[in-house]
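Here is a short briefing to read alongside the coordinates. Have the viewer open and follow along topic by topic.

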Amino acid sequence: MINTYQLYQNYADATDPLRACARMMAPVLGTTWPGMPVNPYVRKMASACEVFARTQLTHARPPFDIPTVETAGRTVSVHEEVISATPFCGLLHFRKDGAPAQPKVLVVAPMSGHFATLLRGTVKTLLRDHDVYITDWRNARDIALEHGRFGLDEYVSHVIDFLGVLGPGAHLLAVCQPTVAALTAAAVMAEDGHPAQPRTMTLMAGPLDTRVNPTAVNALAKSKPISWFEKNMISTVPARHPGAGRRVYPGFVQLGAFMNMNLNRHIDAFRKLYHHLVEGEEAQAGQIKDFYEEYFAMSDLPAEFYLETVRTVFQEHALPLGRLTYREQVVNPRAIKRTALFTIEGEKDDICAVGQTVAAQEMCSSIRPYMRMHHVQTAVGHYGVFNGRRWDNEIYPRLRDFINMHHR
């Protein structure tokens, strides 16, 4: 059988040197000399080189790059420190120098082909008023086979263990895909009487019940049997990487799927980047470059986790139907009583449509009414729920107040 990952690796090995050359040539061609006229043709060549160089995929996590933050009326330094780790994930703490005691928030980042830095804007905003921690998932191609499998159960175990590290009184926030794992973890902890049950649980734009207003993503997941996904989406990490032999859902495959959903939009973005560079519009070009630098940083998913997610979340709807299991025990969201629940959706979300996240409110029927809250943010799509102007100015203030209300 042809190893898709090896074919990709061969392609990358052949084209990456060309992109490296283009990256070096762009500033050389773009150099202007005092008193010398700008040659428009050379400038176009420099812009074309930079655009071509920007099409390269990377496989290492970019930095969060949050050196300072405004908190409690002053600017403080922020330092990243890993306070707990497994072969698959690090619990990353954003320690703030001299900040007062603030509510601890565990942000559960998606394991979805991008790194946790996709939530950089989410973290930066939360740091204003909270002591923030995040699940920093490792690229599966860098994890040796000796460390074993990683499926949904292992994901949930990480959330439970990390909440245990934070201790009683922490708050849980999950974005998109991990809302299922976060709700499962809270339910398991509640049923077990775990002392570190979160005080609040915020679920943002997640596929908790994809029977509601199914999107194109949901339809694709149900259009084929799970055997098709295993045959066509799963590949083996080539020998040159630490995780050689591990079966994964490659990040480059997921990126291709994402881009094909809005291909014209991405083509238009690179066309605009070229014209901004030609016209010397550095600010506009910088925004596009920053976005794609993050967007093209890809992480592979363990095959077990990907296939179990497709099957249980999108095909079987196991959680809303009361059939989801954790360590062979049925998960019972009604066991959650001490954790307040906040669900957030985006009006124009074409990945997790309105209605899919609020479904958690009905599942968690034992939570008292005054401990519940739901918000639909108008005029935002999926990423606008946790990043951007409306996240900063409209969603975050509600989240901050909700946490403060239940932080006792």
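Predicted model: local features only at pLDDT ≥ 70, side-chain atom pairs only at ≥ 80, totals over all residues.

Glu50 counts as buried, at 19% relative accessibility.

**The whole chain**

- The protein holds 13 helices and 14 strands.
- Its radius of gyration is 22 Å, close to the 22 Å that the globule rule gives for 408 residues, so the protein is as compact as a globular protein of that length.
- The C-alpha trace spans about 70 × 60 × 40 Å along the principal axes.
- Of the 408 residues, 52% are buried.
- If you take the contacts between residues at least 6 apart in sequence, 78% of them join residues at least 24 apart.

**Salt bridges**

- The count for the model comes to 21 salt bridges.
- Glu308 and Arg149 form another salt bridge, and their closest N and O atoms are 2.6 Å apart.
- This pair links distant parts of the chain, since 159 residues separate Glu308 in helix H11 (residues 303-315) from Arg149 in the loop between strand S5 (131-137) and helix H4 (152-166).
- Arg390 forms a salt bridge with Glu394, where the closest N and O atoms are 3.8 Å apart.
- Both Arg390 and Glu394 sit in helix H13 (residues 389-406), four residues apart, which is about one turn of the helix.
- An α-helix has 3.6 residues a turn, so residues three or four places apart point the same way.
- Both members of this pair are partly exposed: Arg390 has a relative accessible area of 26%, and Glu394 has 30%.

**Helix H13**

- H13 has 18 residues and reaches 26 Å from its first C-alpha to its last, close to the 26 Å expected at 1.5 Å a residue.
- Where does H13 bend? The bend, of about 45°, is at Ile395, and a proline, Pro397, follows within four residues.
- Ile395 is also one of the buried residues of H13, along with Trp391, Tyr396, Leu399, Phe402, Ile403 and His406.
- The cover over these buried residues includes helix H3 (120-126) and several strands, among them S4 (104-108), S6 (171-175), S7 (200-204), S13 (340-346) and S14 (372-377).

**A three-stranded sheet**

- Strands S8, S9 and S10 make an open sheet in the order S8-S9-S10, with antiparallel pairing.
- Strand S8 (235-236) and strand S10 (301-302) stand at the edges with a single partner strand each, so one side of each has no neighbour in the sheet.
- S8 pairs with strand S9 (residues 247-249) in the antiparallel sense over two bridges.
- Across that pairing, Ser235 stands opposite Val248 in S9.

**Two buried residues to look at**

- Val310 has its place in helix H11, and at 6% relative accessibility it counts as buried.
- Leaving aside residues up to four places away in sequence, Val310 touches Ala221, Ile226, Phe229 and Gln315.
- Val310 and Phe229 are 81 residues apart along the chain, and 8.6 Å separates their C-alpha atoms.
- Thr125 belongs to helix H3 and counts as buried at 3% relative accessibility.
- Which residues does Thr125 touch, not counting those up to four places away in sequence? They are Trp391, Asp392 and Tyr396.
- Trp391 and Tyr396 are among the buried residues of H13, and H3 is one of the elements that cover the buried residues of that helix.

How values were computed: Residues numbered from 1 in each chain as written. Heavy atoms only, no water. Salt bridge = Lys/Arg side-chain N within 4 Å of Asp/Glu carboxyl O. Buried < 20%, exposed > 50% of the residue type's maximum accessible area, 1.4 Å probe, protein only. Expected span 1.5 Å × (residues − 1). Bend = angle between axes of the 7 residues up to and from the residue. Contact = heavy atoms within 4.5 Å. Pairing = 2+ DSSP bridges. Rg over C-alpha atoms; globule rule 2.2 N^0.38 Å.
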